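Here is a short briefing on one protein model.

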Amino acid sequence: MDYTAQLDAALNRLHEEGRYRTFIDIERTNGQYPHAIWKRPDGTEQPITVWCGNDYLGMGQHPVVLEAMHEALDATGAGSGGTRNISGTTIYHKRLEEELADLHGKEAALLFTSAYIANDATLSTLPKLFPGLIIYSDSLNHASMIEGIRRNGGAKRIFRHNDLDHLREMMTADDPAAPKLIAFESIYSMDGDFGPIEAICDIADEFGALTYLDEVHAVGMYGPRGGGVAERDRLLHRIDIVNGTLAKAFGVMGGYIAASDKMCDAIRSYAPGFIFTTSLPPAVAAGAAASVAHLKRDQALREQHQTQAGILKLRLKGLGLPIIDHGTHIVPVIVGDPVHTKQLSDMLLDGYGIYVQPINFPTVPRGTERLRFTPSPVHGPREMDHLVNAMDELWSHCALNRAELTA
């Protein structure tokens, strides 16, 4: 076996399809986000505006968060020093878990190093706790949910995206006595559409199923205290397990689940992804706790975020661009071809200092390749004008004119 040739072939396939992912090196400057510096491969630097980041509310540079992190760093040092069960549980981890449990109206929360790990570890562990468990998963669930469900060794059913009739049909066909769980999201990040939480909870009640809700793209941004769409819709009490992230609206790093005390205790005790992983640095946990606590009170920041998203969608629609608008903060512009998407992304970066990463297959279906913009309260009128004017010029007048892009 020529291993190098095999690697070359695999990478060449991505290049030929226009799906090869290019990472750009950027330097964020405290207090200036979404502005950053692009470190070009040739060693030069260019100022850019980040339009694809997940620091949705700019909390990654908020003084409350930074102060808490500095205090914890000075008090404890850098790392946690171990896994949670071997010296890696500190007062900062416990304080954060208490904030998260309170945020979602649950008895307990369990902290992981990322929301990906939280989903993977929890969903792969549940069949150990409920032998014979059948998991019903929305077809557009995140890769972390898919991976956890795939490798848990239990039964799984994939229902068409947000298709309640298909879900009910599948559940009706299964053994009524079998333990069941429905796994879905509150906001699906690629199209920005909502999951039908209340209707799924009704079906779960009908069939005696648990509910598992991924609120990664909603925590901090929806609900009167940032508890997500389920809090906004007053449905938290009907959700058995909530998954969330600390790396998006809360601006730091980490993931978690919130659930009953017994559920969190069982996952803590059985999930290898929790047991054998070094815990987050105390400074990170401290910053996240400060961010969660602050956003429980800062409704104005959430409202400003929604206003900015609404303005951007309205202005891009005014240009006639093919955007998807489901009423959330996510603004996808459909290009429909991987090569053109990459070219448009490159031209925005090179010519305008606008950084938006192309989204291609397998993250989205072929033919729906897109640029996904994530406006925030720190994207002001100047940044908005610059982006809209750049999209208008490129879409209308450049080699990638509108007809070619939508062909």
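About 90 Å³ of space lies in the largest cavity. A cavity is a set of points, on a 1 Å grid over the protein atoms alone, where a 1.4 Å probe fits but cannot get out. Grid points are joined across faces, edges and corners, and a volume is the space filled by probe spheres set on the points. The model is predicted: local features need pLDDT of at least 70, side-chain atom pairs count only at pLDDT 80 or more, and totals for chains, interfaces and linings use all residues. Residues are numbered from 1 along each chain as its sequence is written, and side-chain values use heavy atoms, with hydrogens and water left out.

**Cavity**

- The whole structure holds one cavity of 30 Å³ or more.
- Its lining consists of R84, H93, L111, F112, T113, G273, F274, T277, T278, S279 and L280; lining residues have an atom within 4 Å of a point.
- Strand β4 and helix α10 are the elements that give two or more residues to this lining. Helices (H or I, at least four residues) and strands (E, at least two) are DSSP runs, numbered from the N terminus.
- By residue type, the cavity lining has four nonpolar, six polar and one charged. Ala, Val, Leu, Ile, Met, Phe, Trp, Tyr, Cys and Pro count as nonpolar, Asp, Glu, Lys and Arg as charged, and the others, Gly among them, as polar.

**Second largest pocket**

- The second largest pocket holds about 320 Å³ of space. A pocket is an open set of points with protein on both sides within 12 Å along at least five of seven lines.
- It has 19 lining residues, and R84, K94, E97, L110 and R268 are the closest to its centre.
- Elements giving two or more residues to the pocket lining are α3 (91–103), β4 (108–112), α9 (261–270) and α10 (272–275).
- Helix α9 gives the most, with five residues.
- The pocket lining divides into seven nonpolar, four polar and eight charged residues.

**Nonpolar cores**

- The largest nonpolar core has 58 residues; L96, I182, I197 and L246 touch the most other members. Such a core is a set of buried Ala, Val, Leu, Ile, Met, Phe, Trp, Tyr and Cys residues joined through side-chain atoms within 4.5 Å.
- Helix α11 gives the most to this core, with eight residues.
- A second, separate core has 31 residues, including W38, C52, Y355 and A390.
- Beyond its neighbours within four places in sequence, L96 is in contact with L111, L246, A285, A288, A289 and V292. Contact means heavy atoms within 4.5 Å.

**Helices α3 and α11**

- In α3, the buried residues are Y92, H93, L96, E97, L100, A101 and L103. Buried means under 20% relative accessible area, exposed over 50%, and partly exposed in between (1.4 Å probe, protein chains only).
- These buried residues pack against α2 (63–76), β4, β12 (255–259) and α11.
- The end C-alpha atoms of α3 are 18 Å apart, which agrees with the 18 Å that its 13 residues should span. The expected span is 1.5 Å times one less than the number of residues.
- Just after α3, G105 takes a positive phi of about 65°.
- Helix α11 (residues 282–295) reaches 20 Å from its first C-alpha to its last, close to the 20 Å expected.
- Of the 14 residues in α11, 14 are buried.

**F184**

- F184 sits in strand β7 (residues 180–185).
- F184 counts as buried because its relative accessible area is 0%.
- Not counting residues up to four places away in sequence, F184 touches D138, N141, M145, I197, I200, T211, Y212, L213, D214 and I239.

**Backbone details**

- Y33 and P34 are joined by a cis peptide bond, with omega about 20°. P34 is in the loop between β1 (25–28) and β2 (35–39).
- F361 and P362 are also joined by a cis peptide bond, with omega about 10°. P362 is in the loop between β15 (358–359) and β16 (370–373).
- N162 is not a glycine, yet its phi is positive, near 55°. N162 lies in the loop between β6 (155–159) and α6 (164–173), and is partly exposed at 23% relative accessibility.
- R234, also not a glycine, has a positive phi of about 55°. R234 lies in the loop between α8 (229–232) and β11 (241–245), and is exposed, with a relative accessible area of 72%.
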